[in-house]
Amino acid sequence: MKNKMKRIVAAAAGLVAAMALTACSGLKSLDVVGQGSITSFEEVLKTIPDQVQADETNVGWALSAPDDSVRFIWSEDYSNAPLHDVMLEFDAQPFLDAGLDPEKLPDNYAFYEGDRMGSTGGKMLMVGTKLGSDKFTYNGSPTAVTAYEQIVNNYRGSINFHTSLDHYGVKLGDGNMFEWAKDMETNGYDHSDQDKDIVFVLNPQPLIEAGINPEKIEGWTYAQVTVDEHGKEEQVWKLLKPFNLK
Amino acid sequence: MNSQVLSIRGMTCAACAQRIEKTVRKLSGIEQATVNLASEKLFVEYDESILPLTTIKQAVTKIGYEVVEKSESSNVTIPIGGMTCAACAQRVEKGIKKLPGVTSATVNFATEKAAVSYDPHQIRLSAIREAIEKAGYEALEVNKADAADEDRARKQKEIKVLWTKFTVSAVFALPLLYIAMVPMLIMYGIRLPYPKGLDPMNYPLIYALLQIVLVIPVIGVGYKFYTIGFKALIQRSPNMDSLIAIGTTAAILYSIYNTWLITQGEFKAVDSLYFETAGVIITLILLGKSLEAVSKGRTSEAIKKLMGLAPKTALIIQDGAEKEIPIDEVEIGDIIIVKPGAKIPVDGTVTEGHTSIDESMLTGESMPVDKKAGDPVYTASLNTTGMIQFKAEKVGSDTALAQIIKLVEDAQGSKAPIAAMADKVSGVFVPVVCIIALLAGVAWLIGSGGDVKFALTIFISVLVIACPCALGLATPTAIMVGTGKGAENGILIKGGEALETAHKINTIVFDKTGTITEGKPTVTDVLTTQDSPADYLLQMTASAEKSSEHPLGQAIVTGAQDKGLDLLKVDSFNSITGRGIEAVINGQTVLAGNRKLMDERSISLTVLETDSDRLAGEGKTPMYVAIDGELAGIVAVADVVKASSKGAIESLHRMGIEVAMITGDNRKTADAIAKQVGIDRVLAEVLPQDKSNEVKKLQGEGRKVAMVGDGINDAPALAQADIGIAIGSGTDVAMESADIVLMHSDLMDVPTAIDLSKKTIRNIKQNLFWAFGYNVVGIPIAAGVLHLFGGPLLNPMFAAAAMSLSSVSVLTNALRLKRFKAANQERRGA
């Protein structure tokens, strides 16, 4: 009886362990969120192809908002990326107008005179995070999509799914995000079109500490949003720049 | 009309019992069909000329249950010596198979054993052994399977299987519950260790698939809920298993659908997985079933104890030598040796030797009884001192012990009228619950604006919380424990109806002679008129009465013998009918008799007139004795009151029961006895044939009457009374006529029996209250009635836990009766 029990317990434990290992190893076909994010990200890129460009400075790719005020940049070679591997670059002027003191920005922010979508001389802000130092190998030349796939395949924890909005997202560190709709036709888990096909999300706290009045940033919405933190939904303040693509 | 007890396997709840009863009752030729869920037995009374038993069995089997008839055949394994090859085995097998009454025989050469099934009515085991010997082999000591042991082993196995199933289920259900619930606990600020790779938000498919993998073994061990439940549902007779099957299947199918949605990219569906609900429900029900099986086993412990009283072997004299044989091989006429310290194996009569035998298991008397040649001995009584030989007269099911066991078994399997309501409810319970679940689910689906998840929770909760088991177990378990406890105390209650009626009794009528009194007249006073000593008067009177057959005369003879007085030679003796006797002893004429005799012989009684009246007033019978025409004295004889009578009547008074005494004696004597023991009402000078009318008159006053008598001459009154209580040893024919048989001749068992009845009925009422109350409260809560008013919603897993606990709580309450203590238990040293 005791041996029988031991066998049963061992079988159960083995099964759980095997499943856990499978889960941890990120078996691609079972990672529906990761795989789904690739498909839908590709769909976003296809929807606004003119806004997708290679970013030589950051050794990667950039997706610009339709009004060119902000870009999501992702590196294709983390060993060569100069500052961050995933990041947002955006026009600093509205923030300066809202009281930003660039000296007070934390280290993950960069403030500079930039080259924004072909025009020069603008003041820019960049915020992002370093994911690793990998030098990825690609089948052929890297593309915007295959560069993104590296995040899913190697840094799956940086990708998340925002259930209440039905959005995928890439975590840029410190509460900053780039999100896009799983399905731009039925944007929202309740199939309501929320006109938020892509959303640039900033954590307002460091900016507030750097002097801004968050409600006075032109082009950005200061709002409370629901975020999923390991299943726990929380209401937090964010600075948002949503765009409807379809 | 035939009656039969069939053991039924596969019943899981009261609805199953109801279904079997209904099916069998529909058969033409059925007089009565009662199913006892607790003992898993079907009692049928049927007309065999119209309805063969096989048809009844087929009807039960057809609706999905297994019939295990109390086997008419016996199974035996006979070790065989002398076989040298497979051909030997073949030869022995052929030899046994040829015998009439042998249904099957298999001889295994490797184990050197023959497994034989045979009808003991057609062939005896010894004949099978002879056939083996005749074939040229040696039939060694037989190992015959004992029915009680087999039953015990079967139940133990059942418990073991259930525990194993529960353990397997729990091993998979616990991680399933952990995986499913921990992410939800985060909502309440509780963070427990959890693998990131299983995060439902980011890895919903892995999260769902792992749950499927874990729930499969749980469903595997609980497969019977589905096979039995859906089968019953298809046959439009749903039972408890149907509720579990529907509830968990709904949960699993909905979860599988949501898993498919996840694969289609609907990640939100991860919030609508119910695999852990199904897994935990099955696990908890298995836990409940395991606990239920253990408790059910304990309810029949009394029978097991009784069965365990009989020895397994007997030492017989065969061919002039002592030989120990299994008890089943003992035949009528066998001479059996019983050594000191051994138990009597079967009923019989002592042929040689003398000893003292402890018959307390039958009579309750702790003092061993002397036995000599010609005295009866009973199975399971204990030989304490000498070695005796006795002739077997009753074996197997004919022994007194076997009859007692049968009586208790029948009682435990019977139903009390109080169970009728529970039976009716159980019969429609499951379909009604299914309808309530469906209505509640649909109502919430509409009311919540199409929230399928919420409606499903309600649907599953209602199905799972409803518990017909508790209803079905409420009455039979209490009756089993109550009647079993009675048997342990020597109180054989013949059925549920008797048990229920006994608690309503408000008047008890006691027969006087042999019930309140010892039933044997004894000499109480010897008064003399002359200087001669009392012993001389007693000696003369006893000598004169020696030839008398009158009970009073015999009492005087016994009284003299007890005092060691020698009886004198009687020269002549004359019995004067209705008056007394006349004898001549040593030339003296002795006249002994009543007042009429003395008056006719002109003998003056004046000297002892006052004493005579006093003795009569004390309930004693004064016998006048005259020697040579002169009054010599009075020898008073009386039937003395039993030691326990007064205490028993006081106990009954404390219970608020009026106590009456019925007797054929004259009023004066009856009143005297009544005064001694505290009787409220005396029914004197009643002829035996009128006793039942007196009981009827009391019943006419609206009283619930119990009659207590010795069960032979009081039989009509015992039958007329609402409850007939026979006092006497369990060997008496009293067992046939009474509703309750008190094996010990102790009147204290009467209040004990009433008390046991009251406590059992109270226990049944408690059980029914909890069983009904549980469902009445539980079902609306599960249906979301509280939630409607802002209250909590019941999680299906809690519903399953509550459902399992309801049966266990009913059984536990019934088992409390095992703590019942008889009023006279301490006195008996039990």
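Predicted model: local features only at pLDDT ≥ 70, side-chain atom pairs only at ≥ 80, totals over all residues.
Chain B comprises 30 helices and 31 strands. Of its 830 residues, 54% count as buried. Among the contacts in chain B with a separation of 6 or more, 68% are between residues 24 or more positions apart.

One sheet of chain B is open and contains seven strands, in the order S19-S31-S30-S29-S20-S27-S28, with mixed pairing. Its edges are formed by strand S19 (491–493) and strand S28 (681–683) of chain B, each of which pairs on one side only. Direction ignored, neighbouring strands of the sheet are turned by 20° against each other on average. At one end of the order, strand S27 (residues 658–662) of chain B pairs with S28(B) in the parallel sense over three bridges. Within this pairing, B:Ala660 has B:Arg681 in S28(B) as its bridge partner. Helix H24 (residues 691–700) of chain B packs on the sheet, where it touches strand S20 (507–511), S27, S28 and strand S29 (705–709) of chain B. The direction of helix H24 makes about 155° with that of S29(B).

Strand S29(B) runs parallel to S20(B), to which it is joined by four bridges. In this pairing, B:Thr507 stands opposite B:Val705 of S29(B). Four bridges also join S29(B) to strand S30 (residues 723–727) of chain B, again in parallel, and here the bridge partner of B:Val708 is B:Ile725 in S30(B). Because five of the five residues of S29(B) are buried, the strand is largely enclosed by the rest of the structure. The burial applies to both faces: B:Val705, B:Met707 and B:Gly709 are buried on one side, and B:Ala706 and B:Val708 on the other.

A:Phe72 is buried, at a relative accessible area of 0%. A:Phe178 likewise counts as buried, at 0% relative accessibility. A second pair consists of B:Tyr257 and B:Trp260, whose ring centres are 6.3 Å apart and whose planes meet at 25°, so this pair is also stacked. B:Tyr257 and B:Trp260 are three residues apart in helix H8 of chain B, and therefore about one helical turn separates them. B:Tyr257 counts as partly exposed at 44% relative accessibility, and B:Trp260 counts as partly exposed at 47%.

Ring pairs also connect residues into a cluster with members from chains A and B. The cluster consists of A:Phe41, A:Phe72, A:Trp74, A:Tyr148, A:Phe161, A:Tyr168, A:Phe178, A:Trp180, A:Phe200, A:Phe243 and B:Phe267.

With a relative accessible area of 4%, B:Asn258 is buried. A polar atom of the B:Asn258 side chain lies 3.0 Å from the backbone oxygen of B:Ser272. Not counting residues up to four places away in sequence, B:Asn258 touches B:Ala269, B:Ser272 and B:Leu273.

In helix H9 (residues 275–299) of chain B, B:Leu287 was examined. This residue counts as partly exposed, at 25% relative accessibility. B:Leu287 is in contact with B:Trp163 and B:Phe166 when neighbours within four places in sequence are left aside. B:Leu287 and B:Phe166 are 121 residues apart in sequence, and their C-alpha atoms are 5.8 Å apart in space.

Note on methods: Residues numbered from 1 in each chain as written. Chains lettered and ligands numbered in written order. Heavy atoms only, no water. Pairing = 2+ DSSP bridges. Helix = DSSP H or I, 4+ residues; strand = E, 2+ residues; numbered from the N terminus. Axes fitted to C-alpha atoms, helices over the stretch in contact; angles between N-to-C directions. Contact = heavy atoms within 4.5 Å. Buried < 20%, exposed > 50% of the residue type's maximum accessible area, 1.4 Å probe, protein only. Polar contact = N/O pair within 3.5 Å; in protein donor to acceptor, adjacent residues only side chain to side chain. Phe/Tyr/Trp six-rings, centres within 6.5 Å; stacked < 30°, edge-to-face > 60°.
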